[in-house]
Amino acid sequence: MSEQLLRVEDLSVHFALPTGFLGGHRPLKAVDGVSFTLAAGETLGIVGESGCGKSTLGRAILRLIEPTAGRVVWQGQPLGALAADALRGLRRDLQIVFQDPLAALDPRMTIGEIIAEPLVTHEPALGRAAIRARVEAIMAETGLLPQLINRYPHEFSGGQCQRVGIARAMILQPKLIVCDEPVSALDVSIQAQIVNLLMRLQASHGLAMLFISHDLAVVRHVSHRILVLYLGRLMELAECHDLLAAPRHPYTQALISAVPIPDPARERRKRRIVLTGELPSPLDPPSGCVFRTRCPHARPICAEQIPRIEPVRFGHSIACHRWQELPATPPAALA
Amino acid sequence: MPPLLAVQGLGIRFATPDGEVVAADQVDLTLAAGESLGIVGESGSGKTQLVLAMLGLLAKNGRATGSVRFQGEEILNLPAAALNRVRGVKIAMIFQDPMTSLNPYLKIRRQMTEVLVAHRGLDEPAARARCIALLEQVGIPDAARRIELYPHEFSGGMRQRVMIAIALLCQPDLLIADEPTTALDVTVQAQILDLLARLRAELGMALLLITHDLGVIAGACERVAVMYGGRIVEEAPIDALFAAPAHPYSRGLLGSMPRLDLAQPGELAAIPGQPPNLQALPAGCVYRPRCTFAFERCRSERPDLRAMLPDRRKACHLEHLP
């Protein structure tokens, strides 16, 4: 994990929502000032609850959504400065896998056509036989029988459709895949198959992954580092082990303690940090620290100033006014 | 004394243009008063159809056979009028999506008081006072004002609290919760699970919790039944099931779950293959095509759900898992 592939600097995505009156608009800060880096072959998990901006962040990095501010630097090149055709060339290195596997596939194309499409776009000189060989090779690698090549998506189960989506993303041999809730729509037993497949592909191809999910247990399993988002802002970013063994942000601590553990003795023993209230509307986020309305440790300063992102130590950063005063207790959930 | 709920040989079949779909087959279950039982299974395992059949809520093309006795009385396939003396009164149910279970056109007050007016003969002011007290009990602040709001004015977690309050209106002996927290964020899920546990302790009602999440069951239930392909494949006290699953599918399900509390180097112990096609279930054991321990007998002979210990049952030809 040496070479830095991706650097995201102070990235913001703000949407202007029409208020319906005289063409007025209200800003919705879906992502606000998020920074991180990603090395080749590394997986960064991006975790947060609904509306925290995790999907928007993934799409803004691929420029499927135009960022409002900040930079995305890919192998030393700022993506924002690139002209459309230069960006298209880079796209082959940057692929995405979506949440709803069936909705992400064109129902009128065969599986073979769907998987071949990126190849046809990016390598137009390739002959039919060469394309077919590449498609069959990636199908085999993603666990799809090559004789299914002429079938249509509706003939496939959710897990198989997700394999098709992964094969399509992998056929150009990208350097980075953004996985946007890739297993959330799948049953537990199928989810494990897809998680294993993604990790196998990563190891054999040296892929970098941004793994976006609301499921902290899945994120823990696949990620080297984890970034915790809340209402569009970075709360905490750390190595997977550090984040789980010694979370410093009150939100991370609550999130970890809320995840049900499939172990009855542990579930009975653990003390949950139950957050009061619910997620505020992203249209009307709290002043200062966005988490303060649900934070058990909030003080007046938290309403007044946006906390800066500070290093806890190398590779572990946090956005909290009070992290130094708060005890760094290991989460009761995992004790 | 008979158990609170006794399901025997329950079968559920749907007639479809493509043939018959077997959603559940030979399901046996019992639940004692005050007990909490979790039913876990993946999509298509029949867990939801099972409770819909008990309450006479199957789709029109569905047919239920067998027996469901509640407090000693047969309730399966009762006419609606007779069933309405039980469902919503002694057995209440909450669903996954509170938004689609509430009527968007009616204020919360209308949806709550009508239950007490119809079932308990209360007048509107008395019903309203009782409803406000219940909303407060389920953790809705400022209930006297919020009872006059419409469902869309509540958040997802608050709507589920409203649903729970409605379910509790007639002080049921059994609460059936079908994926009650699946649509909620994990921090809100924790609130709702705590609420259910507190209410159960306060009111002494039995809980039948249906979920795909073994983690939720681990915290909320005393006993668990695992369903696969419309059948119960294992039933056990929760500690026993999690410590030593006896059916290959239960073990596979536990192995498929990434754990937040454990580092799991290497691959998850995923179950190979696909869930069964309910229109063409295999002969013998339904789990056989995905089972790594299957042998010849599994192909031809369906395993019965048999007792291993007084409180444990499994449907598997193997004596012990290797």
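Is Thr56(A) buried or exposed? In this predicted model, where local features need pLDDT of at least 70, side-chain atom pairs count only at pLDDT 80 or more, and totals for chains, interfaces and linings use all residues, Thr56(A) turns out to be buried, with a relative accessible area of 15%. (Buried means under 20% relative accessible area, exposed over 50%, and partly exposed in between, with a 1.4 Å probe and protein chains only.) As for bookkeeping, residues are numbered from 1 along each chain as its sequence is written, chains are lettered from A and ligands numbered from 1 in the order in which they are written, and side-chain values use heavy atoms, with hydrogens and water left out.

Thr56(A) sits in helix H1 of chain A, residues 54-61. (Helices, H or I with at least four residues, and strands, E with at least two, are DSSP runs numbered from the N terminus.) Setting aside neighbours within four places in sequence, Thr56(A) is in contact with Val13(A), Phe15(A), Ala30(A), Val31(A) and Ile65(A), contact being heavy atoms within 4.5 Å. Besides Thr56(A), the buried residues are Lys54(A), Leu57(A), Gly58(A), Ala60(A) and Ile61(A). After H1(A) comes Arg63(A), with a positive phi near 55°.

Positive phi values turn up elsewhere too. Most residues other than glycine have a negative phi. Leu231(A) has a phi near 45° and lies in the loop between strand S9 (225-230) and strand S10 (233-239) of chain A. At 7% relative accessibility, Leu231(A) counts as buried. Over in chain B, Gln71(B) has a phi near 50° and belongs to the loop between strand S4 (62-70) and strand S5 (73-74). Gln71(B), at 35% relative accessibility, counts as partly exposed.

Zooming out, chain A has 11 helices and 12 strands, and its C-alpha trace spans about 65 × 55 × 45 Å along its principal axes. The radius of gyration of chain A is 21 Å, which agrees with the value near 20 Å that a compact globule of 335 residues would have. (This radius is taken over C-alpha atoms, and the globule rule is 2.2 Å times the number of residues to the power 0.38.) Buried residues make up 54% of the 335 residues in chain A. Among contacts in chain A with a separation of 6 or more, 65% come from residues 24 or more positions apart.

Now for the two chains together: 41 residues of chain A are in contact with 46 residues of chain B. The area buried between them is about 3,700 Å², with 55% of it from carbon and sulfur atoms; buried area is the accessible area (1.4 Å probe) that two parts lose on being put together, summed over both. On the chain A side, Val188(A), Pro262(A) and Glu278(A) lose the most area to chain B, together 18% of what that side buries.

Five salt bridges link chain A and chain B, each a side-chain nitrogen of Lys or Arg within 4 Å of a carboxyl oxygen of Asp or Glu. One of the salt bridges joins the side chains of Glu267(B) and Arg200(A), at 2.9 Å from N to O. Helices H6 (188-205), H7 (216-222), H9 (250-258) and H10 (264-269) of chain A each supply at least two residues of the side that touches chain B. The largest share of that side, nine residues, comes from H6(A).
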